[in-house]
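Hi,

Here is the model we talked about. Please look at how its parts meet; my notes follow.

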Amino acid sequence: MIRSVVRGFGAALPKRVMTNRDMEAIVDTSDEWIVQRTGIRQRYVAGDDETTASLGEAAARAALANGGLTPADIDLVICATSTPDNTFPATSVNIQNRLGMSHGFAFDVQAVCTGFVYAVTTADAYIRGGLAKRVLVIGAETFSRILDWNDRTTCVLFGDGAGAIILEATEGEGTVADRGVLTAHLRSDGSHKDKLYVDGGPSTTGTVGKLRMEGREVFKYAVGMITDVIQAAFDATGTTADDLDWLVPHQANRRIIDGSAKKLNIDAAKVVITVDLHGNTSAASIPLALATAAGDGRIKKGDLVMLEAMGGGFTWGAVLLRW
C-alpha cells in the first residue's frame with residue numbers, strides 16, 4: 001500500500017509581533033480578558049512587504065531544506081488559504097513560480113481554518129492515486145488584511161503566518177504501524193455560514209470585505225464537531241486516545257482545544273499548544289504547530305499524530321498520521 005509520509009516541515013512568520021498590550025492601544029480590551037477567554041498572548045502581523053505568497057514561499061523553502069529536497073523534486077503544490085494574494089491566479093501558482101518551478105501543477109484549497117486538513121487529505125489522494133510522488137502542502141494566511149480593527153471581538157483573535165509539509169509516496173504494509181497518513185475524515189455544513197464569514201467578495205460586493213463572527217455560536221458547535229471527526233479517525237483505524245502520541249489541533253481558542261481533549265480523554269500533556277504564540281492563523285495554524293513541535297523534538301519519527309480543525313462554513317475534519 002502506498003502511504004503519504006511526511007518528508008519535511010517548515011514555517012514562516014512575519015517580522016512584527018503584536019502583543020495583547022499592543023492590542024489595548026487599538027481597541028477596548030485587556031491582556032487579562034484575551035488570555036482568560038482565548039489563551040492568546042501575542043500574534044504576528046504581516047508588514048507591507050509580506051504577503052500570503054511570500055510567507056508561503058518561506059515556509060516551503062524551510063520544508064524543502066528540512067527534507068533535503070529541492071523544488072525540482074516536487075510534483076504538486078497545494079496551498080490552503082482564505083487570504084490569497086489575488087482573486088486569481090491561485091496563490092499556490094504564485095508560490096510555485098517564486099520557487100522557480102515550471103513543472104508539475106499547483107492549486108489552492110479554501111476551507112478556512114480546516115484548509116490544511118483538507119489540503120493534506122487532497123494531497124494524500126493524489127499520491128495514493130499515482131498522480132504525484134511528492135506534494136508540497138502549505139497553509140498560509142494574512143488574516144490581518146480582512147480584520148475589522150474596530151471589532152474587539154475578532155481583531156484580537158487572528159494572526160498571520162505560514163507552515164508547510166512535504167508528503168512523499170512510500171510503500172507501506174497497510175497497517176496502523178505504517179508511517180504516513182492512515183485515515184482522513186472531512187465534513188461541512190453550509191447552513192452555518194452566517195456564524196463565521198467575510199462580508200464581501202468579487203461576486204457580491206466587489207470588495208474584499210471583513211471577517212464577521214458570532215463567537216458564542218461557533219464555540220457552541222466546535223467541541224462536538226471536532227470530537228466527531230477525531231472519533232471517526234479512531235474508529236477507522238482501531239486506535240484509541242491511549243494510542244495517540246500527539247494531538248495537533250487548529251489553534252483557535254484554548255478553551256475549545258482543552259474541551260475537545262477532555263471529551264475524548266486525551267491527556268493534556270499530549271496536546272500541542274501554540275495559540276498563545278501565534279493566535280488563530282486559520283489554515284496556517286496546524287502546520288505552524290507541527291513545525292514547532294517537530295522542530296523542538298517533541299514529535300518524533302514513528303509517533304501517532306492527530307490533526308484536527310474546524311472553520312467557517314462550517315467545515316471540519318481530522319487526519320490521523322504516523323510521523
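Buried area here is the accessible area (1.4 Å probe) that two parts lose on being put together, summed over both. Between domain 1 and domain 2 it comes to about 3800 Å². Carbon and sulfur atoms give 64% of that.

Some ground rules. This is a predicted model, with local features needing pLDDT of at least 70, side-chain atom pairs counted only at pLDDT 80 or more, and totals for chains, interfaces and linings using all residues. Residues are numbered from 1 along each chain as its sequence is written, and side-chain values use heavy atoms, leaving out hydrogens and water.

The domains: domain 1 spans 1–169 and domain 2 spans 178–320. The bounds come from an automatic or database domain assignment. Their centres, taken over C-alpha atoms, lie 14 Å apart. Domain 1 puts 52 residues into the contact and domain 2 puts in 50; contact means heavy atoms within 4.5 Å.

Charges next. The interface of domain 1 and domain 2 holds 2 salt bridges (a side-chain nitrogen of Lys or Arg within 4 Å of a carboxyl oxygen of Asp or Glu). Arginine 3 and aspartate 178 form a salt bridge, with their closest N and O atoms 3.0 Å apart.

On the domain 1 side that touches domain 2, strand S1 (2–12) is one of the elements supplying at least two residues. S1 gives the most, with 8 residues. Strands are DSSP runs (E, at least two residues), numbered from the N terminus.

Best wishes

Technical notes: Helix = DSSP H or I, 4+ residues; strand = E, 2+ residues; numbered from the N terminus.
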